[in-house]
Number of protein chains: 2
Amino acid sequence: MMKLQLADALSILARTPATLDALLRGLPGPWLRANEGPETWSPFDVVGHLIHGERTDWVPRLRMILEHGDARPFEPFDRIAMFKESQGKSISELLDTFATLRSQNLETVRALQLKPADFERRGLHPALGPVTLGQLLATWVAHDQTHLVQISRVIAKQYADEVGPWRQYLGVLNH
Amino acid sequence: MMKLQLADALSILARTPATLDALLRGLPGPWLRANEGPETWSPFDVVGHLIHGERTDWVPRLRMILEHGDARPFEPFDRIAMFKESQGKSISELLDTFATLRSQNLETVRALQLKPADFERRGLHPALGPVTLGQLLATWVAHDQTHLVQISRVIAKQYADEVGPWRQYLGVLNH
């Protein structure tokens, strides 16, 4: 496992828009709208969720810690806001929006010139209680990756039957 | 779930090199060499494994089905050949090699002008027994995605401790 370092975290966060772009832009609609069953998300849904996070979660919470510490809890994050916000949009629009917001947010973070000591600054999560700025940054990184995991798992599972006997070698299909 | 269609399958297969490139090229070494513990693979290892698949697995087996049907079993696939083959190479070299091989292999597949009836043609897997050409193609697609899942899971898990109490929201970290 790795200790949080700002440069490492930024190197991952900066790559997510292009990774999603390479995987999803121009993909046939059935892949983009596929999911894992009722109440699960499609690749299209996930991009909208990541956009909402850029707007309302990561940087706003980081600012809250810097300005108010743990005196005020973060605004709760709406995990399903994208079902309304993404309506009528194309995947290209969503990918462009995500790339722009992520780029702006990383600029904001770089401009703060955070030092390792800042990672210990405390905030208050409305459900989890006390958290630190470093934990927030690490979660931003890990959260991106969990949703890349989800998108590739959703795609793979569309062929769970089509792979026939190979299914036993592909553990993700049985998730 | 989706029925196998050649255009859908190719649309995913064609995107994997650029997806890996966006995620991994230029990434700090600790991310590229990170894994999930003994006997597990790093992102660097996975790219080497995908290269070996392009060379010895997917298209060679497809040709075997077209030329010999189920009269001869496929050559067994060496899942860990990359530990030797990738030695001394950089991630940039591996990404370039994978992109070239994948592009050539998709050209080969397109040139075969496979029809849906070809998906039923049978081959013989050395361990799984009878399989079809369609199952082989679907497995190629799903296999790419399982390894994208793996890479993002490995990256996420490096911060399993650093995320603090958020860990309970990030199921992938407990895999």
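Gly171(A) is exposed, with a relative accessible area of 55%; exposed here means over 50%, buried means under 20%, and partly exposed lies in between, all with a 1.4 Å probe and protein chains only. This glycine sits in the segment that follows helix 8 (133–157) of chain A. Helices (H or I, at least four residues) and strands (E, at least two) are DSSP runs, numbered from the N terminus. From Gly171(A) to Val141(A) the distance is 30 residues in sequence and 24 Å in space, C-alpha to C-alpha.

The structure is a predicted model, in which local features need pLDDT of at least 70, side-chain atom pairs count only at pLDDT 80 or more, and totals for chains, interfaces and linings use all residues. Residues are numbered from 1 along each chain as its sequence is written, chains are lettered from A and ligands numbered from 1 in the order in which they are written, and side-chain values use heavy atoms, with hydrogens and water left out.

Eight helices and two strands are found in chain A, and their order along the sequence is α-α-α-α-α-α-α-β-β-α. The C-alpha trace of chain A spans about 55 × 35 × 30 Å along its principal axes. Of its 175 residues, 57% count as buried. Contact means heavy atoms within 4.5 Å, and among the contacts in chain A with a separation of 6 or more, 71% come from residues 24 or more positions apart.

The contact draws 58 residues from chain B and 58 residues from chain A. Together the chains bury about 5100 Å², 70% of it on carbon and sulfur atoms, where buried area is the accessible area (1.4 Å probe) that two parts lose on being put together, summed over both. On the chain B side, Met2(B), Tyr159(B) and Trp166(B) lose the most area to chain A, together 16% of what that side buries.

A nonpolar core is a set of buried Ala, Val, Leu, Ile, Met, Phe, Trp, Tyr and Cys residues joined through side-chain atoms within 4.5 Å. The largest one holds 108 residues, of which Leu24(A), Leu137(A), Tyr159(A), Leu24(B), Leu137(B) and Tyr159(B) touch the most other members. Leaving aside residues up to four places away in sequence, Leu137(A) touches Leu4(A), Leu6(A), Leu62(A), Leu114(A) and Phe119(A).

Helix 1 (residues 6–13) of chain B is largely enclosed by the rest of the structure, because seven of its eight residues are buried. Its cover includes helix 3 (29–33) and helix 8 of chain A, together with helix 2 (16–24), helix 7 (91–111) and helix 8 (133–157) of chain B.
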